[in-house]
Amino acid sequence: MQLLSKILIGIITLLHFYILWIEMFAWTTKGKKVFREFPSDLFEPTKSMAANQGLYNGFLAAGLTWTFFISNPIWANNIAIFFLSCIAIAGIYGAISVSKKIIYIQTVPAIIAILLLII
(Lines give C-alpha, C1' and ligand atoms only; values in the text may rest on other atoms or scores of the structure.)
Protein backbone atom coordinates (compact mmCIF):
# COMPACT_ATOMS: atom_id res chain seq x y z
CA MET A 1 0.00 0.00 0.00
CA GLN A 2 2.85 2.36 0.82
CA LEU A 3 4.35 2.07 -2.67
CA LEU A 4 0.95 2.51 -4.32
CA SER A 5 0.23 5.63 -2.25
CA LYS A 6 3.64 7.10 -3.19
CA ILE A 7 2.99 6.44 -6.89
CA LEU A 8 -0.43 8.08 -6.69
CA ILE A 9 0.98 11.05 -4.76
CA GLY A 10 3.66 11.37 -7.47
CA ILE A 11 1.01 11.41 -10.20
CA ILE A 12 -1.07 13.99 -8.31
CA THR A 13 2.07 16.10 -7.79
CA LEU A 14 2.89 16.01 -11.50
CA LEU A 15 -0.71 16.92 -12.35
CA HIS A 16 -0.53 20.00 -10.14
CA PHE A 17 2.83 21.07 -11.54
CA TYR A 18 1.25 20.68 -15.01
CA ILE A 19 -1.70 22.85 -13.95
CA LEU A 20 0.80 25.41 -12.59
CA TRP A 21 2.56 25.49 -15.95
CA ILE A 22 -0.67 25.91 -17.91
CA GLU A 23 -2.13 28.59 -15.65
CA MET A 24 1.09 30.56 -15.13
CA PHE A 25 2.92 30.23 -18.43
CA ALA A 26 0.61 28.84 -21.13
CA TRP A 27 -2.81 30.25 -20.23
CA THR A 28 -3.41 31.96 -23.57
CA THR A 29 -2.00 29.09 -25.67
CA LYS A 30 -2.30 25.59 -24.17
CA GLY A 31 -4.90 26.82 -21.69
CA LYS A 32 -7.38 27.37 -24.50
CA LYS A 33 -7.04 23.72 -25.50
CA VAL A 34 -7.33 22.35 -21.97
CA PHE A 35 -10.12 24.63 -20.69
CA ARG A 36 -12.40 24.48 -23.73
CA GLU A 37 -15.55 25.47 -21.82
CA PHE A 38 -13.96 28.80 -20.89
CA PRO A 39 -14.84 31.56 -23.40
CA SER A 40 -11.92 32.11 -25.77
CA ASP A 41 -12.10 35.89 -25.54
CA LEU A 42 -11.56 35.80 -21.76
CA PHE A 43 -8.15 34.12 -21.71
CA GLU A 44 -6.13 37.29 -22.22
CA PRO A 45 -8.07 39.43 -19.69
CA THR A 46 -7.83 36.67 -17.05
CA LYS A 47 -4.14 35.91 -17.54
CA SER A 48 -3.03 37.32 -14.17
CA MET A 49 -5.92 35.63 -12.34
CA ALA A 50 -4.98 32.27 -13.89
CA ALA A 51 -1.33 32.82 -12.93
CA ASN A 52 -2.43 33.36 -9.33
CA GLN A 53 -4.39 30.09 -9.42
CA GLY A 54 -1.37 28.37 -10.93
CA LEU A 55 0.78 29.58 -8.07
CA TYR A 56 -1.59 27.97 -5.58
CA ASN A 57 -1.42 24.70 -7.52
CA GLY A 58 2.36 24.99 -7.36
CA PHE A 59 2.23 25.30 -3.57
CA LEU A 60 0.11 22.14 -3.38
CA ALA A 61 2.55 20.28 -5.64
CA ALA A 62 5.52 21.57 -3.63
CA GLY A 63 3.91 20.35 -0.41
CA LEU A 64 3.40 16.89 -1.86
CA THR A 65 6.96 16.88 -3.21
CA TRP A 66 8.19 17.71 0.30
CA THR A 67 6.65 14.46 1.59
CA PHE A 68 9.14 12.44 -0.47
CA PHE A 69 12.02 13.98 1.50
CA ILE A 70 10.68 13.54 5.03
CA SER A 71 12.41 10.59 6.69
CA ASN A 72 9.85 10.05 9.46
CA PRO A 73 7.00 8.04 7.84
CA ILE A 74 4.33 9.28 10.28
CA TRP A 75 5.29 12.91 9.68
CA ALA A 76 5.43 12.33 5.90
CA ASN A 77 1.96 10.74 5.93
CA ASN A 78 0.50 13.60 7.99
CA ILE A 79 1.92 16.23 5.63
CA ALA A 80 0.70 14.25 2.60
CA ILE A 81 -2.78 13.92 4.12
CA PHE A 82 -2.88 17.68 4.75
CA PHE A 83 -1.95 18.63 1.18
CA LEU A 84 -4.15 15.90 -0.34
CA SER A 85 -7.06 17.18 1.78
CA CYS A 86 -6.45 20.69 0.46
CA ILE A 87 -6.53 19.32 -3.09
CA ALA A 88 -9.71 17.30 -2.42
CA ILE A 89 -11.49 20.32 -0.91
CA ALA A 90 -10.38 22.58 -3.77
CA GLY A 91 -11.64 19.93 -6.19
CA ILE A 92 -15.04 19.82 -4.50
CA TYR A 93 -15.30 23.60 -4.69
CA GLY A 94 -14.19 23.53 -8.32
CA ALA A 95 -16.78 20.88 -9.14
CA ILE A 96 -19.50 23.00 -7.57
CA SER A 97 -18.39 26.32 -9.04
CA VAL A 98 -16.73 25.47 -12.37
CA SER A 99 -17.09 21.95 -13.78
CA LYS A 100 -18.28 18.61 -12.43
CA LYS A 101 -15.36 16.78 -14.06
CA ILE A 102 -12.94 18.45 -11.61
CA ILE A 103 -14.20 16.03 -8.97
CA TYR A 104 -12.84 13.11 -11.02
CA ILE A 105 -9.57 14.78 -12.00
CA GLN A 106 -8.70 16.28 -8.64
CA THR A 107 -10.85 15.10 -5.73
CA VAL A 108 -11.16 11.36 -6.39
CA PRO A 109 -7.40 10.72 -6.80
CA ALA A 110 -6.66 12.76 -3.66
CA ILE A 111 -9.22 10.86 -1.61
CA ILE A 112 -7.92 7.51 -2.88
CA ALA A 113 -4.38 8.54 -1.91
CA ILE A 114 -5.58 9.58 1.55
CA LEU A 115 -7.30 6.23 2.02
CA LEU A 116 -4.16 4.38 0.92
CA LEU A 117 -2.14 6.36 3.49
CA ILE A 118 -4.60 5.60 6.27
CA ILE A 119 -4.83 1.84 5.54
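1. Let us start with a term. A helix axis here is a line fitted to C-alpha atoms over the stretch in contact, and angles between axes run from 0 to 180 degrees between N-to-C directions. Please keep in mind that this is a predicted model, in which local features need pLDDT of at least 70, side-chain atom pairs count only at pLDDT 80 or more, and totals for chains, interfaces and linings use all residues. Residues are numbered from 1 along each chain as its sequence is written, and side-chain values use heavy atoms, with hydrogens and water left out.

2. Now look at two helices, α4 and α5. Helices are DSSP runs (H or I, at least four residues) numbered from the N terminus. The axes of α4 and α5 come within 8 Å and cross at roughly 155°. Angles over 145 degrees count as roughly antiparallel, those under 35 as roughly parallel, 65 to 115 as roughly perpendicular and the rest as oblique; α4 and α5 are therefore roughly antiparallel to each other. The crossing of α4 past α5 is left-handed, a word used if the near helix is turned anticlockwise from the far one by less than a right angle, with clockwise being right-handed.

3. Who touches whom here? Contact means heavy atoms within 4.5 Å. On the α4 side the contact residues include N77, A80, I81 and L84, and on the α5 side they include I102, I103, Q106 and L117.

4. N77 deserves a visit of its own. This residue lies in helix α4 and, at 15% relative accessibility, counts as buried. Buried means under 20% relative accessible area, exposed over 50%, and partly exposed in between (1.4 Å probe, protein chains only). Setting aside neighbours within four places in sequence, N77 is in contact with Q2 and L117.

5. Next, find I105 in helix α5. At 43% relative accessibility, I105 counts as partly exposed. I105 and G91 are 14 residues apart in sequence, and their C-alpha atoms are 8.0 Å apart in space.

6. How many salt bridges does the model have? The count comes to one, where a salt bridge is a side-chain nitrogen of Lys or Arg within 4 Å of a carboxyl oxygen of Asp or Glu. The partners are K101 and E37, at 3.3 Å from N to O. This pair links distant parts of the chain, 64 residues apart: K101 is in the loop between α4 (73-97) and α5 (102-118), and E37 is in the loop between α2 (30-34) and α3 (47-67). K101 is partly exposed, with a relative accessible area of 41%, whereas E37 is exposed, at 55%.

7. Finally, the aromatic rings. Rings of Phe, Tyr and Trp (its six-membered ring) pair if their centres lie within 6.5 Å; planes under 30 degrees apart count as stacked, over 60 as edge-to-face and the rest as tilted. A search of the whole structure finds seven aromatic pairs. One of them, Y18 with W21, is stacked, at 6.1 Å centre to centre and 25° between the planes. Both residues lie in helix α1 (residues 2-25), three residues apart, which is about one turn of the helix. Y18 is partly exposed at 36% relative accessibility, and W21 is partly exposed at 40%. Another pair, W66 and W75, is edge-to-face, at 6.5 Å and 85°. Ring pairs also link W27, F35, F38 and F43 into a cluster.
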